[in-house]
Amino acid sequence: MENTRLGLRTSNIVGNAISNGLAWFGTTTGFFGVAVIAALWEFLVLSGMHLALMMPMMASFFETGIQSGPMVSGSFATWACFGVALGAALRLRNKEEKSTAFASFTAGILGGITEPTLYGICFRYSRCFITSAIGAFVGGAYAGITNVCAYAITSSNFLALLSFSETQNLTINLINGIIACAISLVVGVVATYFFGFSKKDLEKV
């Protein structure tokens, strides 16, 4: 029992150190930090580490009403994940797998659910983890450069685009937010289509 408690305390300390380190990195390295955290986001989700990272982010949002920098990184990782599903649907030849990939894209874009893509596509075709990270990195970099901010906590589906609108400087932030999401999606699609699958993967019909 004592060993279990010690292990839990150690895990908690290590987890907090990692999340605090990532938060610090994201806020001190400009657009690059936003891009890197976006690229790592889905891996953090799979490990549950994103929850620890979200707590200080949410506290900051409740205080200021604004999400900026690394706080919006997850949005672009999500759109890159949508791109992976769509790229897989366009590239895979097996009808059943193609249908599953398209269903994963639909679940993502409409419901904000990325698990079908992560567990149904990326775990089966590990290259898709890399293509997802590439899309998230590029979209996150654009968002960091243009200082995209979000003004609401929403689900991660297409309606989340509305979180980029606010009363002041409405147009430019909304446009840059949409562009950043579109970049993540398109890069995710293109990278997955061309690099997400081996020749053996595509032999299934």
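What share of the contacts in the chain with a separation of 6 or more is accounted for by residues 24 or more positions apart? The share is 74%, where a contact means heavy atoms within 4.5 Å.

## Basis of the model

This is a predicted model, in which local features need pLDDT of at least 70 and side-chain atom pairs count only at pLDDT 80 or more, while totals for chains, interfaces and linings use all residues. Residues are numbered from 1 along each chain as its sequence is written, and side-chain values use heavy atoms, with hydrogens and water left out.

## Overall architecture

The chain contains nine helices and zero strands; helices (H or I, at least four residues) and strands (E, at least two) are DSSP runs numbered from the N terminus. Its pattern along the sequence is α-α-α-α-α-α-α-α-α.

Of the 205 residues in the chain, 43% are buried, a term that denotes under 20% relative accessible area, with exposed meaning over 50% and partly exposed lying in between (1.4 Å probe, protein chains only). The chain exposes about 10600 Å², and carbon and sulfur atoms supply 67% of that area, as computed by the Shrake-Rupley method with a 1.4 Å probe.

## Nonpolar cores

A nonpolar core is a set of buried Ala, Val, Leu, Ile, Met, Phe, Trp, Tyr and Cys residues joined through side-chain atoms within 4.5 Å. The largest one has 31 residues, and those with the most contacts inside it are F76, W79, F105, I121, C128, F164 and F197. At least two residues of this core come from each of α4 (73-91), α5 (95-111), α6 (115-122), α7 (127-145) and α8 (170-195). Helix α4 provides the largest share, nine residues.

When neighbours within four places in sequence are set aside, W79 contacts I109, N157, F158, L161, C181, S184 and L185.

## Cysteines and T192

The whole structure holds zero disulfides, a disulfide being a pair of cysteine sulfur atoms within 2.5 Å.

T192 lies in helix α8 and is buried, with a relative accessible area of 0%. The side chains of T192 and T131 are joined by a polar contact of 2.9 Å; such a contact is a pair of N or O atoms within 3.5 Å, where within protein one must be able to donate a hydrogen and the other to accept it, and residues adjacent in sequence count only if both atoms are side-chain atoms.

## Aromatic pairs

Rings of Phe, Tyr and Trp (its six-membered ring) pair if their centres lie within 6.5 Å; planes under 30 degrees apart count as stacked, over 60 as edge-to-face and the rest as tilted. The count comes to ten aromatic pairs. The F123 and F129 rings are edge-to-face, because their centres are 5.3 Å apart and their planes stand at 90°. F43, Y119, F123 and F129 form one aromatic cluster.

Y125 and F197 are also edge-to-face, with centres 5.0 Å apart and planes at 80°. This pair links distant parts of the chain, 72 residues apart: Y125 lies in the loop between α6 and α7, and F197 in the loop between α8 and α9 (199-202). Y125 is buried at 4% relative accessibility, and F197 is buried at 7%.
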